[in-house]
Amino acid sequence: MKFLNHLEEWLVTALIGVATAIIFVAVLHRYATGLAIPGVQDWLLGLNFGWAQELCIILFVWMAKFGAAYGVRTGIHVGVDVLINRLSDRVRGRFVLLGLFAGALFTATIATLGAAFVWDNGMNYATRSLLGVSTEGLFEGPTTPDLEWPTWIVYLAVPLGSSLMCLRFLQVAHGFWKTGELPHHDHGHVDGIDDEVHPPAAGEEDRIYRMNDDLHPRGKGEPK
């Protein structure tokens, strides 16, 4: 299970890295083709980046699905808990578990229906073709306009991402059942910045006010 602890971060990082690189190269290519450089301009015009936008859209769809699972695991998703927090601890715990199991049930349903849709939309045909089994009467499925990829590859993000979300809901529910705590994310926190404030040493409390002008307050006993 340790492999799954940071699966979303690895996937989202890889996807956003690829998308960023593709967008950068596509934009650079677009502007570079306008430069009248003999030989180079003709070569650049011969390169086709018409597929870049479609691929980036697909990557962002996958990022959104796995990012949603990351949000469940880390507690990033916004929830309206004003009424829940006013209840007693025992009643509140029951409602929290009810909400987590409802989330697990919902995502499991989406994963199941999504898997059935993907299978019937061409994955069954592709799997049988790969195994050399007869595909007679099966739906081959549509393809994307630019990349001409089978669309079931794009839609596969739905069952995979929803399944991972379901797993995260169950993990959070198990952790809450054992410890009574939910994952919490501070939206104002920035990784890499130390939020700990160290108090000033004795006798140095007013150091922040010491300025050599008449515009700022001075500490007690400090000469003008």
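**Questions on a predicted helical model**

Q: Where does Thr-144 lie?
A: This is a predicted model, in which local features need pLDDT of at least 70 and side-chain atom pairs count only at pLDDT 80 or more, while totals for chains, interfaces and linings use all residues. Residues are numbered from 1 along each chain as its sequence is written, and side-chain values use heavy atoms, with hydrogens and water left out. Helices are DSSP runs (H or I, at least four residues) numbered from the N terminus, and Thr-144 lies in the loop between helix 4 (89–131) and helix 5 (151–155).

Q: Which residue's side chain joins that of Thr-144 in a polar contact of 3.0 Å?
A: Thr-144 is buried, with a relative accessible area of 7%, where buried means under 20%, exposed over 50% and partly exposed in between (1.4 Å probe, protein chains only). A polar contact is a pair of N or O atoms within 3.5 Å; within protein, one must be able to donate a hydrogen and the other to accept it, and residues adjacent in sequence count only if both atoms are side-chain atoms. The side chain that meets Thr-144 in this way, at 3.0 Å, is that of Glu-54.

Q: What is the angle between the planes of Trp-62 and Phe-66?
A: Both residues lie in helix 3 (residues 52–74), 4 residues apart, about one turn of the helix, and both are buried. Rings of Phe, Tyr and Trp (its six-membered ring) pair if their centres lie within 6.5 Å, and planes under 30 degrees apart count as stacked, over 60 as edge-to-face and the rest as tilted. The structure holds 3 aromatic pairs; the one formed by Trp-62 and Phe-66 is tilted, with 5.9 Å centre to centre and an angle of 35 degrees.

Q: How many disulfides does the structure hold?
A: Cys-56 is buried, with a relative accessible area of 7%, and Cys-166 is buried at 15%. A disulfide is a pair of cysteine sulfur atoms within 2.5 Å, and the number that the structure holds is 0.

Conventions: Helix = DSSP H or I, 4+ residues; strand = E, 2+ residues; numbered from the N terminus.
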